[in-house]
Amino acid sequence: MKIAIVCYPTFGGSGVVATELGIALAERGHEIHFVTYQQPVRLGLLNNNIHFHEVHVPEYPLFRYQPYELALSSKLVDTIKHYGIELLHVHYAIPHAYAGYMAKKMLKEEHIYIPMITTLHGTDITLVGNHPFYKSAVTFSINKSDVVTSVSHDLKQKTLQIFNVNNEIEVIPNFIDPTKYSNTFTDCQRSLMASDGEKIITHVSNFRKVKRIPDVINVFHQVQKQIPSKLIMVGEGPEKEKAELQCERLGVEEKVLFLGNSNEIDRILCFSDLFLLPSETESFGLAALEAMANKVAVISSNTGGIPEVNQQGVSGFLSDVGNVDEMAKNAVYLLSDDKRLEGYKENAQKISKEFEIKNILPLYEDVYEKAYNSRFKNSY
Ligand code: GMT
């Protein structure tokens with residue numbers, strides 16, 4: 001099938017899922033066209049089956065806000081016509097589903113019927129999408145999609161609660177590609193990060209408020225008093241600078257390494273013992289799943305879709321949002337006994353296998369088929 005994928009090209013989870021999905025679909029023989037404002041960060045070399053079309057928004061002094069949706073929908077129309085695209089998959093409702101719908105409408109004028117799948121990722125529903133300024137447009141775009149998927153059962157419930165949805169929502173969880181985590185490289189260079197006897201705790205995110213970065217550092221501050229350890233912070237974002245200051249204030253700056261954004265998360269996770277994800281809300285928690293796939297136990301909050309991934313007392317522990325003391329206690333419990341820790345790490349990896357791409361990709365292919373077969377009956 002010829003499929004156009006619209007996503008954010010950044011390090012955020014929705015962009016990562018869209019990119020990895022496109023790569024996997026291309027490997028299965030589909031022709032994939034990414035349409036976005038920059039080449040997605042996890043997208044490597046382009047080939048016959050993977051194309052990238054950049055959306056340009058010309059600057060004009062009259063515009064206070066550049067009309068990205070307009071440029072995106074025009075680019076979609078042109079790309080779909082030029083390459084004979086059969087299906088459109090948009091990741092993140094704002095503004096992608098809206099722009100996708102406009103493209104669909106324009107194409108219909110030319111008797112081209114393109115089905116649209118919208119995948120909801122979380123913040124497009126829970127943080128941004130339900131703002132009164134966006135809500136009507138988001139509701140409309142969800143209802144006008146031919147198939148809507150959400151990345152967890154929790155996100156599906158929240159979407160149904162928040163929006164007046166008259167469309168089915170299918171749950172298709174996030175996934176991992178185990179071939180990327182098979183430790184084919186032999187240099188899992190733990191010694192670069194910590195000395196013998198020290199444990200390694202990791203956090204990966206975009207350092208936004210929702211990730212509760214101060215909790216990550218407060219948990220570590222408590223843990224390192226009892227367990228010799230290092231904290232590795234991966235990512236960039238608005239809370240990073242404050243986090244560095246917090247480390248200095250607590251006197252742990254020597255034990256915390258801020259690595260910035262990385263395309264080699266697997267290399268970092270391969271020497272990690274514990275992953276911290278104390279988020280305020282998390283529709284799924286792809287970062288936790290990637291950690292688990294790398295055999296890392298997880299201490300997280302119990303919010304949103306995280307309990308669908310991290311299992312209490314099996315792959316790690318879950319606490320109420322903000323319960324830093326309990327998170328620290330559980331972290332110490334795990335890190336203080338190597339045999340116990342190994343058991344949790346193994347369980348984490350075992351659970352992650354349920355989310356292997358080979359189990360998830362067919363679910364997307366099924367919804368593609370469903371949407372394609374009903375393309376003439378679609379609501380416009
Ligand atoms: O919060 C992030 O890390 C980025 C965000 C995004 O919008 O790209 O991630 C969301 O989508 C991911 C992929 O489906 C989910 O795993 C994350 O849980 C979700 N983030 C939130 O719900 C806060």
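Figure 1. Helices (H or I, at least four residues) and strands (E, at least two) are DSSP runs, numbered from the N terminus. The model is predicted: local features need pLDDT of at least 70, side-chain atom pairs count only at pLDDT 80 or more, and totals for chains, interfaces and linings use all residues. Residues are numbered from 1 along each chain as its sequence is written, and side-chain values use heavy atoms, with hydrogens and water left out. H11 spans residues 286-293 and is mostly covered, with seven of its eight residues buried. Buried means under 20% relative accessible area, exposed over 50%, and partly exposed in between (1.4 Å probe, protein chains only). The buried set is Leu-286, Ala-288, Leu-289, Glu-290, Ala-291, Met-292 and Ala-293. Their cover includes H1, helix H10 (265-269), strand E11 (274-277), strand E12 (297-301) and helix H13 (338-352).

Figure 2. The protein chain divides into domain 1 (2-173 + 357-379) and domain 2 (178-355). These bounds come from an automatic or database domain assignment. The C-alpha centres of domain 1 and domain 2 lie 31 Å apart. Contact means heavy atoms within 4.5 Å. By that rule, 22 residues of domain 1 are in contact with 18 residues of domain 2. About 1500 Å² is buried between domain 1 and domain 2, and carbon and sulfur atoms give 52% of it. Phe-11, Arg-42 and Asp-154 supply 28% of the area that domain 1 buries against domain 2, more than any other three residues. Buried area is the accessible area (1.4 Å probe) that two parts lose on being put together, summed over both.

**Figure 3. Polar and charged links across the domain interface.** The rule finds one salt bridge across the interface of domain 1 and domain 2. A salt bridge is a side-chain nitrogen of Lys or Arg within 4 Å of a carboxyl oxygen of Asp or Glu. Seven residue pairs, both at pLDDT 80 or more, are in polar contact across this interface. A polar contact is a pair of N or O atoms within 3.5 Å; within protein, one must be able to donate a hydrogen and the other to accept it, and residues adjacent in sequence count only if both atoms are side-chain atoms. On the side of domain 1 that touches domain 2, H1, helix H4 (123-126), helix H6 (153-162) and helix H14 (357-373) each supply at least two residues. The side chains of Arg-42 and Glu-290 meet in a salt bridge (3.1 Å, N to O).

**Figure 4. The largest nonpolar core.** This core has 70 residues, and Phe-34, Ile-142, Phe-275, Tyr-364 and Tyr-368 touch the most other members. Helix H1 (residues 13-27) gives the largest share, eight residues. The core lies between domain 1 (2-173 + 357-379) and domain 2 (178-355), because both give residues to it. A nonpolar core is a set of buried Ala, Val, Leu, Ile, Met, Phe, Trp, Tyr and Cys residues joined through side-chain atoms within 4.5 Å. Leaving aside neighbours within four places in sequence, Tyr-364 is in contact with Leu-21, His-89, Thr-119, Thr-149, Ile-172 and Phe-175. A second, separate core of 29 residues includes Ile-201, Val-219, Cys-247 and Val-324.

**Figure 5. Thr-159 and its surroundings.** Thr-159 lies in helix H6. Thr-159 counts as buried, at 0% relative accessibility. Not counting residues up to four places away in sequence, Thr-159 touches Leu-120, Ile-125, Ile-142, Val-165 and Ile-169.

Figure 6. The structure holds 21 salt bridges. Asp-273 and Arg-190 form one through their side chains (2.9 Å, N to O). Asp-273 sits in the loop between H10 and E11, and Arg-190 in helix H7 (residues 190-193), 83 residues apart. Asp-273 is buried at 4% relative accessibility, whereas Arg-190 is partly exposed at 30%. Glu-198 and Lys-230 pair at 3.2 Å, N to O, in another salt bridge. Glu-198 lies in the loop between H7 and strand E8 (199-204), and Lys-230 in strand E9 (residues 229-234), 32 residues apart. Glu-198 is buried, at 14%; Lys-230 is also buried, at 14%.
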